[in-house]
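Please open the structure in your viewer and keep the selection tool at hand.

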Amino acid sequence: MIKCIVFDLDHTLLNDDKVITPFTLKMITKLKEMGILVTLASGRAEPLMLPYVNALDITLPVIANNGALIKNFRSKEVLHEAMLNEEAQSEILQDAIDNNLAYIFYSDNIFYANSEERVAFYKQWNQMYPEVFINIKITNDFDYLSQKKSYKLLLIIEDEVTFDHYYKKYINHPDAYVTRSQDTFLDVLPKNSNKGNAVRMLANHLNIGLDEILAFGDNDNDAKMLNSVGLSIAMPNGSKKAMESATFLAPFTNQEEGVAKALELLIKQGILQPVK
């Protein structure tokens, strides 16, 4: 029996406008009425998850930064956290600065970036969610940045050939875990920090089995989570790796409320049942 469902956010639970639709919200409310636990697992940092945690009224620990942080946003209890290895962070950050790659990382309640495009995203965010105001600092000062501790370093690489070059360069880094979270997002994380390990920790915390968890995801950073749980569903708009890692594909894309429609079907088929 499924007792807990873990949802990825971008391109999974959210549509392309980064919105949880009313139908999706209705289906998640129904899950709660059935006694099924609900939480999120995202590559996003805590502030960028908070509006959705609030909208869904999530009281469980939430998986942020692809598993580098597991935290109950309500009680503020930290179940797990891991920081990037200082040498790995410095090495890859220096590489990004030297080769003019766009990067972002979150430290001390500030998003540090060198990309005007990404800064524009954060400014728009602040207009939409003033209650979760994001502090932004643009800098390429390696000496300053190398002193900062962070859960994740994000490289944004638009050119596919360049992306593949850096993916192959760092995928087997001895002191970091590297994955793709969106088409142009290369996530550099603490060693062993991934959604698969995070969902295992969550299961232990909730005292349930991995076979009692359903997970939804769409990209490479979801693959270990999709592989780890008893039932998993990848989005048809997702990456090949995610789709190959899942039990099933959702019947529709994130833009077509694929998660909500999959949940509706699972309830009708009796796969999701009230938890006693």
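A pocket, on a 1 Å grid over the protein atoms alone, is an open set of points where a 1.4 Å probe fits, with protein on both sides within 12 Å along at least five of seven lines, and its lining residues have an atom within 4 Å of a point. Grid points are joined across faces, edges and corners, and a volume is the space filled by probe spheres set on the points.

This is a predicted model, in which local features need pLDDT of at least 70 and side-chain atom pairs count only at pLDDT 80 or more, while totals for chains, interfaces and linings use all residues. Residues are numbered from 1 along each chain as its sequence is written, and side-chain values use heavy atoms, with hydrogens and water left out.

Next, select D17, K18, R44, Y52 and W125, which are among the residues lining the second largest pocket, whose volume is about 170 Å³. The largest share of that lining, four residues, comes from α5, where helices are DSSP runs of H or I with at least four residues and strands are runs of E with at least two, numbered from the N terminus.

Then go to N65, in the loop between β3 (62-64) and β4 (69-71), where phi is near 50°, a positive value in a residue other than glycine. N65 is buried, with a relative accessible area of 4% (buried means under 20%, exposed over 50%, partly exposed in between, with a 1.4 Å probe and protein chains only).

Finish at N207, in the loop between α8 (195-206) and β12 (213-217), which counts as exposed at 70% relative accessibility.
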